[in-house]
Amino acid sequence: MTQNPYLWLIPTLPLAGAAINGFLGRRSSKKAVTTIALVFPGLAFALALKIALGFSSATAPYVFQLAHWIRSGSIGLPNYFTADFAFYLDQLSLVMLLVVTGVGFLIHVYSVGYMSDDPSYYRFFTYLNLFMFFMLTLILADNYLMMFVGWEGVGLASYLLIGFWFTKDSAASAGKKAFIVNRIGDFGFLIGLFLIIQHFGSLNFTDVFAKVAPLGVESSGPGLLTAIGILLMVGACGKSAQIPLYVWLPDAMEGPTPVSALIHAATMVTAGVYMVARSHVIFERAPIALTVVAIIGTLTALFAATIGITQTDIKKVLAYSTVSQLGYMFVACGVGAFSAGIFHLMTHAFFKGLLFLGAGSVIHAVGGEQDMRKMGGLKTYIPTTFTVMLIATAAIAGIPPLAGFWSKDEILWKAFEANPAYWVIGAITAFITSFYMFRLLFMTFWGDYKGIQVDDHGHAHAAHAHGDHGHGEPHESPMVMLAPLMVLALLSLVGGLVGIHHGFGHFLEPVFGEFPQAVTEGSGNTEWLLMGISVLFSFGGLALAYILYVSKPYLPEKISTSLGSFYDAVVNKYYVDEIYAKLFVKPLVDGSNSILWQGVDRKVIDDSVNNAADSARHVSDEVRHMQSGNLRSYAGWIAAGAAVLIAYMIWKGIRQ
Amino acid sequence: MVPLSYYLVLSGILFACGVTGFLIKRNIITIFMSIELMLNGVNLSFVAFAAHWHTLSGQVFVFFVMVVAAAEAAVGLAIIISVYRTRETLNVDQVNLLKL
């Protein structure tokens, strides 16, 4: 392959951008910061495109070794272990590469407009470029260790960006929450890696999978591969916000909206799906682990979707929707349809990135307001944003022929083949998804504007002046923000077409191969039937949302009061945060307070140090009297010492 | 010939006188003289042993002691003069601070 020697440049370019902006950005002009922040990821995207155009399945997977990293043991012996700075390119990482660099670049462009008034403009782009570096390291890694470096790195970038407005208390603690919850998942991931090293002696994808491949399917009961699979899934649960570790993602909406779009919708949160798909060789041989993945996925999809119905913060709705859609991807992985999961990952990156950016544009338009109850009627004020949001909503709701329809349908179909129960829950979730997404759309764009309106209509144009946020009429975002929206809208429109006739799945076939359980290709009628039902469900959700939020807007309140305490539970996110706080956080804090702080830290560590100092002082208090400064007392000490010495010598002499 | 023990007893008495003077006297000059007395008590035992064993090493050692004692006297007296100039006293009980 001629083009691939540049593969290592793809992650390195954003790193260079981050370094330049990080070190020099404070003193550079905003224009220079913008240029650097856009050029480096843009170049990475261009390179990725170049590689994609020259990609040929014949030479995949392609490994590019940049440098040695860890070498231990000696060649040929079982203790030989290596992990290198090497990049791995196959169909799977190519898809991820295009999604991450493409969507990432668009969001960088959008951020130029969205963050233009922020005093820490350069810092934002430094973090954003740093995130790109780590994310690209993650997806291009040739071994689990490099992947883990990227994995932790995106966690760091996520922490920095969630807490970007760190003077706000809630943002700072949301960042911490994300980081800590992710640590729990990483713990499982790490132990999974240790097991892999222990039993396969390598972390290299090629080596590990070559050693796993001859092992049989663990159909009789859980074994090594099941354990590894479940531990890897624990890691994926943390990063991809699945039950029980999803709690950080809704809070992560404290970050700037482009961050929510890039990290917490399009790219980072899909790392777990990518990791599971990458480890498909292991999972395929561990049916129990696969079942765990599928069950976690279905439950998360349904659970998060129901919470999404009741949220009023526009970004929170999208956050729960993200959790729910990630659940879909895990369902796909769990039923062995990895390519369907990756397909949904890709389309989701398009429409969810678009939804978040559109939401950002809405928030921008109404001057920082995020509560949908205070919006409404925006479609006349911001028609472009409205159009793209409409496309994205239709796409996520699964209305044909938009992107979400193809990928969701493929997942549901595969889920039905594996177990109709998955399909039932998945279809219900699809209905709920369609409902809450159109609810968002109707609440935001239909009806009358309920926000603060200071100016009368004649002064509408004055409100367009920059820095005038929060006053006057809602205004459309600048072109630099709208252009990425339009590109993503186009992708949401046509991005699903690659899935026709399972074309996308066939492209990924060299990676995932034929799934061991024979897929019944002949069930064409069932497929059509399922497709019909899911389309019906999508429109059903739309219709219900229209009835409740446009034609009869008094109904939702009636329904919610009639549901009583159940509704309260859903509004309060099933009290999961409170339960976690009671079950884990409070015991930990209390234990740390009473045992670790009062007990260990103060009683053991502090006291031992203080006692050592105290006893030293007491002893020296006595001894210092020898040093009186009085010459004759010194003489006395010398004489006494000499006397003792002589007495000792005499005593020794007598004893002999 | 005077037996060795006589010399040693005399040497011990001289040394003991020196120690006593060193401990009880307050005047720096007197303390200084007591030190000389102790040194010479020891010197006496050196030469006594040297004569008794018919070796020269003891006598050579005494010369060394005398040289050191002379040097010590020179330095010591200089310090004493300096002390007297600055503090106008030679009572060691009043000279107990390094810094004025």
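**Figure 1. Secondary structure and overall form of chain B.** Chain B holds 3 helices and 0 strands, and from the N terminus on its elements run α-α-α. Helices (H or I, at least four residues) and strands (E, at least two) are DSSP runs, numbered from the N terminus. This is a predicted model, in which local features need pLDDT of at least 70 and side-chain atom pairs count only at pLDDT 80 or more, whereas totals for chains, interfaces and linings use all residues. Residues are numbered from 1 along each chain as its sequence is written, while chains are lettered from A and ligands numbered from 1 in the order in which they are written. The C-alpha trace of chain B spans about 55 × 25 × 15 Å along its principal axes. Its radius of gyration is 17 Å, whereas a compact globule of 100 residues would have one near 13 Å; the radius is taken over C-alpha atoms, and the globule rule is 2.2 Å times the number of residues to the power 0.38. Of the 100 residues in chain B, 14% are buried. A residue is buried if 20 or more other C-beta atoms lie within 10 Å of its own, exposed if 12 or fewer, and partly exposed in between, with C-beta atoms placed from the backbone.

**Figure 2. Helix H2 of chain B and its packing.** Helix H2 of chain B covers residues 28–53. At 1.5 Å a residue, its 26 residues should span 38 Å, and the end C-alpha atoms are 38 Å apart, which agrees; the expected span is 1.5 Å times one less than the number of residues. Among the buried residues of H2(B) are B:Ile28, B:Ile31, B:Phe32 and B:Phe46. The buried residues of H2(B) pack against helix H1 (4–24) and helix H3 (57–87) of chain B. After H2(B) comes B:His54, whose phi is positive, near 60 degrees.

**Figure 3. The contact between chain B and chain A.** Chain B contributes 8 residues to the contact, and chain A contributes 8 residues. Two residues are in contact if their C-beta atoms, placed from the backbone, lie within 7 Å. The side of chain B that touches chain A has 6 nonpolar, 1 polar and 1 charged residues. In this classification Ala, Val, Leu, Ile, Met, Phe, Trp, Tyr, Cys and Pro count as nonpolar, Asp, Glu, Lys and Arg as charged, and the others, Gly among them, as polar.

**Figure 4. The nonpolar cores.** A nonpolar core is a set of buried Ala, Val, Leu, Ile, Met, Phe, Trp, Tyr and Cys residues joined through C-beta atoms within 7 Å. In the largest core, of 205 residues, A:Phe131 and A:Val293 touch the most other members. Not counting residues up to four places away in sequence, A:Phe131 touches A:Val154, A:Ala157, A:Leu161 and A:Ile263. Another core, of 6 residues, lies apart from it and includes B:Phe22, B:Ile31, B:Phe32 and B:Val92.

**Figure 5. The strands of chain A.** Chain A has 25 helices and 2 strands. Strand S1 (residues 62–72) is hardly covered, since the count of buried residues among its 11 residues is 0. S1(A) pairs with strand S2 (residues 81–89) in the antiparallel sense over 9 bridges; two strands pair if DSSP finds at least two bridges between them. A:Ile70 stands opposite A:Ala83 in S2(A).

**Figure 6. Helix H8 of chain A.** In chain A as a whole, 48% of the 656 residues count as buried. Helix H8 (residues 224–239) has 16 residues, which at 1.5 Å a residue should span 22 Å; its end C-alpha atoms are 23 Å apart, which agrees. In H8(A), 13 of the 16 residues are buried, so the helix is largely enclosed by the rest of the structure. A:Ala241, whose phi is positive, near 55 degrees, follows H8(A).

Figure 7. A:Asp371 is found in the loop between helix H15 (338–365) and helix H16 (383–397) of chain A. A:Asp371 counts as partly exposed because it has 14 C-beta neighbours inside 10 Å. Leaving aside its neighbours within four places in sequence, A:Asp371 is in contact with A:Thr312 and A:Asp313. The C-alpha atoms of A:Asp371 and A:Gln311, 60 residues apart along the chain, are separated by 9.2 Å. A:Thr35 has its place in helix H2 (residues 30–53) of chain A, and with 14 C-beta neighbours inside 10 Å A:Thr35 counts as partly exposed.
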